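I opened the notebook to record what I looked up in this structure, entry by entry.

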Amino acid sequence: MDKLKQHLRAHREQLDIDAPGDAVWLNVKAAAPVVKKLSPVALLYRYAAVLLVAAGLSIGILLLLQNSVPVKNAGAVAFVMPALPATNKKQQPVLPSTEPVAQPGSEKKSLANNKKPARIDPYELLGSFSNNYAQLVKLQLKSIRNTPVWGEETGYFNDFKSSLEQMDADEAALRSVIKKNGLDEHLLEQVIHIYQQKLDLLKTLKSEIGKVNGSRKPANADSLKSYFINI
Amino acid sequence: MTGDQRCAEDVLQDAFIIAFKELGKLKAAENFGGWLRRIVINECIRYCKQAVQWKHELLHENTEPAEEAGDWWAGLDLETVHKAIKQLPEGCRQVFVLYVLEDYTHRDIAQSMGISESTSKSQYQRARQLLKQYINTLMAIHG
């Protein structure tokens, strides 16, 4: 490298004398592509849509569980419907016989003849439903993590953190029980309850952050040290 | 590099708009400074390629470095040097800025400006000579 180059590179910053006028930045701002920020209403619609899907799925699982719960002693007893010609259906309403008729061997046949819709794996549905709820929780967490907090120390929100951790532990324990004993209505309700609790907690935390920030934000808030909750 | 405040502002504006549009292509946030700088320099080069009319005689100048008596630039006010660089004629000013301030090699300059490597070298030597002349003149005028 020649000496002139060395000398000028060493004092490069002192050669940065010219500065662009304000008009440049205004033009850049005007021409820059606008990043669409979701309005709170749009965000609410998004949450509502996910909740609807989650609610639909949970109802589906409940119905499926109700239908798939095996009837006690079903193997030994079967209710046989009298076969009637299709034309008589309107005049003579068909009622199942109240007397159970034991017909070993006929059970499989009658089940095979009944055209039932394709069975859906309840665990698969539970997984899908959990994913939707987890997505909601994630969205809330992300929103909280990106909200700057001032006016209160980090410790102020520790109770929320520990509650959420407790709920995570409860959920893990519940999943382990489901894995071991299988899924039933009661366990499903508990899973839903935990997710609802989580969402409620995060909602309360968000509102608490809003309150703290709103009530203690002085005029020169920009100069204050803010932090983000690591939850 | 453009030698003109207005043109420089136009180039800067275009470069920033490109940067905003291409922001999604930036892989690591910590590289933002270097990435933006690269866009600005590329825009400068693009502008200069259109603006500079390389004269035939300039393309075949002597590439041998001229004899220089000592470090004539030592102790010079950098504002004077800055003014002198801005006065350099088109072509050799761009080569000088890219080579000295942006640390481009003559090969890089040749590739990006669409000239030969020897032209880049000769333009650099010419820029040095002219710079010395301009600075002497400026010193003589302003003391």
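Leaving aside its neighbours within four places in sequence, which residues is B:Ala127 in contact with? I found B:Leu88, B:Cys92, B:Arg93, B:Val95 and B:Phe96, where two residues are in contact if their C-beta atoms, placed from the backbone, lie within 7 Å.

Entry on the model. I noted that this is a predicted model, in which local features need pLDDT of at least 70 and side-chain atom pairs count only at pLDDT 80 or more, while totals for chains, interfaces and linings use all residues. Residues are numbered from 1 along each chain as its sequence is written, and chains are lettered from A and ligands numbered from 1 in the order in which they are written. For chain B I read an average pLDDT (the predictor's confidence in each residue, from 0 to 100) of 85, with 88% of the residues scoring at least 70. For the complex, the predictor gives an ipTM of 0.82 and a pTM of 0.46.

Entry on the two chains. I looked up helices (DSSP runs of H or I, at least four residues) and strands (runs of E, at least two), which are numbered from the N terminus. Chain B has 6 helices and 0 strands, whereas chain A has 8 helices and 2 strands, in the order α-α-α-α-α-α-β-α-α-β. I then checked burial, where a residue is buried if 20 or more other C-beta atoms lie within 10 Å of its own, exposed if 12 or fewer, and partly exposed in between, with C-beta atoms placed from the backbone. Of the 231 residues in chain A, 7% are buried; of the 143 residues in chain B, 28% are buried.

Entry on the cores. I looked for nonpolar cores, each a set of buried Ala, Val, Leu, Ile, Met, Phe, Trp, Tyr and Cys residues joined through C-beta atoms within 7 Å. The largest has 29 residues, of which B:Val95, B:Phe96, B:Tyr99 and B:Ala127 touch the most other members. Helix H1 (3-10) of chain A supplies at least two residues of this core, as do several helices of chain B, including H2 (32-51) and H6 (117-142). The largest share, 7 residues, comes from H4(B). Why does this core lie between domain 1 (1-51) and domain 2 (54-143) of chain B? Both domains give residues to the core, so it lies between them; the domain bounds come from an automatic or database domain assignment. I also found a second, separate core of 9 residues, which includes A:Ala54, A:Ile61, A:Phe129 and A:Leu136.

Entry on the interface. The contact takes 18 residues from chain B and 20 residues from chain A. On the side of chain B that touches chain A, H1, H3 and H4 of chain B each supply at least two residues, and H1(B) gives the most, with 9 residues.

Entry on H3(B). Here B:Val81, B:Ala84 and B:Ile85 are buried. They cover an arc (that of the directions from the helix axis to the C-beta atoms) of only 100 degrees, which puts them on the same side of H3(B).

Entry on A:Ile209. This residue lies in helix H8 (residues 185-216) of chain A, and A:Ile209 is buried, with 22 other C-beta atoms within 10 Å.
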